[in-house]
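I opened this one up today to see how a few of its pieces sit together. Here are my notes.

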Amino acid sequence: MPILSKQNFAAGFTSTIPVQLPKQEVFSYPEKVLQFGTGVLLRGLCDYYIDKANRQGIFKGRVVLVKSTDRPGADAFTEQDGLFTHCIKGIENGVAIEETVINASISRTLTAATEWNAILELAQSADMQLIISNTTEVGIQYVANDPISGVSPKSFPAKLLAFLVARFDHFNGSAESGMVIVPTELIINNGDALKDIVLKLAADHQLPAAFITWLNTHNHFCNSLVDRIVPGAPDAQTNAAICADLGYTDKNLIISEVYSLWAIQGGSRVKDVLSFAKADAGVVIAEDIEIYRELKLRLLNGTHTLMCGMSYLLGFRLVKDVMANGYLSKLVMNLMLSELALAIPYKMDFKVADRFGRSVLDRFRNPFINHKLIDITVQYTTKMRMRNVPLLINYYKEFGKAPELFAMGFAAYLQFMHAVKEENGKYFGDSNGELYPINCDYASYFYEAWKDFDLKKILADTSLWGADLSALPGFEQAVQKYV
């Protein structure tokens with residue numbers, strides 16, 4: 001079968017299923033977006049909205065992807081001219097929906113390590129308006145003495161600063177040259193956090209006051225929240241089956257659910273730049289997005305974090321299979337609605353949280369999505385701290401006791417982090433005789449901790465949790481029952 005590319009696309013494919021094809025004029029649209037990250041979430045949500053708007057003649061702009069690493073071998077994005085297939089499958093208002101789109105929002109891909117000068121050249125483009133990122137929860141971090149000249153910086157915030165400095169210099173700090181910057185990493189107030197680090201780096205490098213003024217006045221760092229289940233790349237068998245129906249090969253094919261939300265904190269300037277929001281009600285631009293963030297972060301992501309390790313160790317591999325199990329499905333529902341929803345550290349009507357939670361449970365049950373539990377465990381400790389520890393602390397404030405199902409999920413997390421093998425700096429746990437990867441920055445910490453396991457010591461480690469969890473009355477005992 002031919003590979004998906006502009007040339008082969010023009011020649012036509014023999015597809016047995018309906019496919020939405022891009023219009024030819026899309027390929028001539030200017031590059032307006034610089035995107036740090038090539039992952040499935042950015043492509044299945046942010047690039048989805050941009051592509052949809054382009055189809056409607058609204059945004060009329062394309063995306064330049066920035067890869068952080070230069071892996072050997074041919075790059076599928078380059079081979080396919082940035083094109084990728086997006087299969088959207090799920091249930092909406094009781095109706096099954098299946099939609100297949102060839103996304104043409106991406107113009108090209110650049111590698112930071114080897115093409116940094118080409119990335120900085122984009123800072124000179126008057127068409128450039130927007131920077132998007134998803135560098136995982138650990139990507140937005142301060143790295144001291146990260147150089148911003150000569151070579152590609154190591155950290156994403158330093159890369160961003162280098163780009164903004166190049167833009168400031170080229171346009172002499174004009175108001176019009178300011179960028180809208182929307183990180184999508186799942187950390188609280190991600191835009192504010194990113195800006196704080198960029199300003200700290202600017203101070204480290206003793207950048208002039210005029211640049212700082214321009215940065216603060218004419219660039220908009222937006223807090224944002226993304227919500228769409230986009231599992232990792234489908235397995236080879238699934239990909240082959242779909243491509244057989246499509247009539248072409250696509251190494252970048254992705255599958256997502258129907259539901260989508262991108263809530264962005266911003267005013268009129270942000271709305272003007274993000275004109276693609278007009279194409280889909282799923283893009284919400286508002287001065288206050290806190291309620292969206294809390295509902296999604298605590299009920300969807302928080303539930304995922306507490307149930308993934310337990311379910312994996314019980315032999316399950318996909319979220320939908322967990323939800324097809326009567327006992328576990330009820331346990332997940334009770335965890336979400338009877339514990340987490342009651343502890344959201346944001347004042348809201350419980351009916352709102354309950355209604356959102358029940359819609360999330362329906363999304364977890366989506367029979368079309370193969371959402372791997374192992375993927376949810378990536379950076380497990382950071383996710384537990386950011387998503388769930390605030391819920392635990394607030395639950396104690398409200399009820400003064402340990403949440404039982406939370407304690408069970410936390411105990412399972414500790415068990416999942418029990419590495420039985422270390423090989424070349426990589427750690428592996430054991431699930432019924434099957435080794436699994438522990439892809440977490442704290443894997444080495446727990447590898448050592450499990451040699452002489454001390455639950456109280458782990459709970460009391462404020463460097464892990466930002467709080468002393470051993471001081472919560474009864475929590476240690478509640479967790480100990482399940483470890």
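Predicted model: local features only at pLDDT ≥ 70, side-chain atom pairs only at ≥ 80, totals over all residues.

Residues are numbered from 1 along each chain as its sequence is written, and side-chain values use heavy atoms, with hydrogens and water left out.

**Sheet.** I looked up an open, antiparallel sheet of three strands, ordered S13-S14-S15. Strands here are DSSP E runs of at least two residues, helices are H or I runs of at least four, and both are numbered from the N terminus; two strands pair if DSSP finds at least two bridges between them. S13 (421–423) and S15 (434–437) are the edge strands, each pairing on one side only. I then checked S14 (residues 426–431), which four bridges join to S15. Gly 429 sits opposite Tyr 436 of S15.

**H5 and H7.** Helix H5 (residues 156–170) packs on helix H7 (residues 209–218) at about 105°, axes 11 Å apart. Axes are lines fitted to C-alpha atoms over the stretch in contact, and angles run from 0 to 180 degrees between N-to-C directions. That makes H5 roughly perpendicular to H7 (65 to 115 degrees). On the H5 side I noted Leu 161 and Phe 168 among the residues in contact (heavy atoms within 4.5 Å); Trp 214 is one of those in H7.

**H10 and H15.** Helix H10 (residues 290–313) and helix H15 (residues 380–399) cross at roughly 125°, with axes coming within 9 Å.

Technical notes: Parallel < 35°, antiparallel > 145°, perpendicular 65-115°, else oblique.
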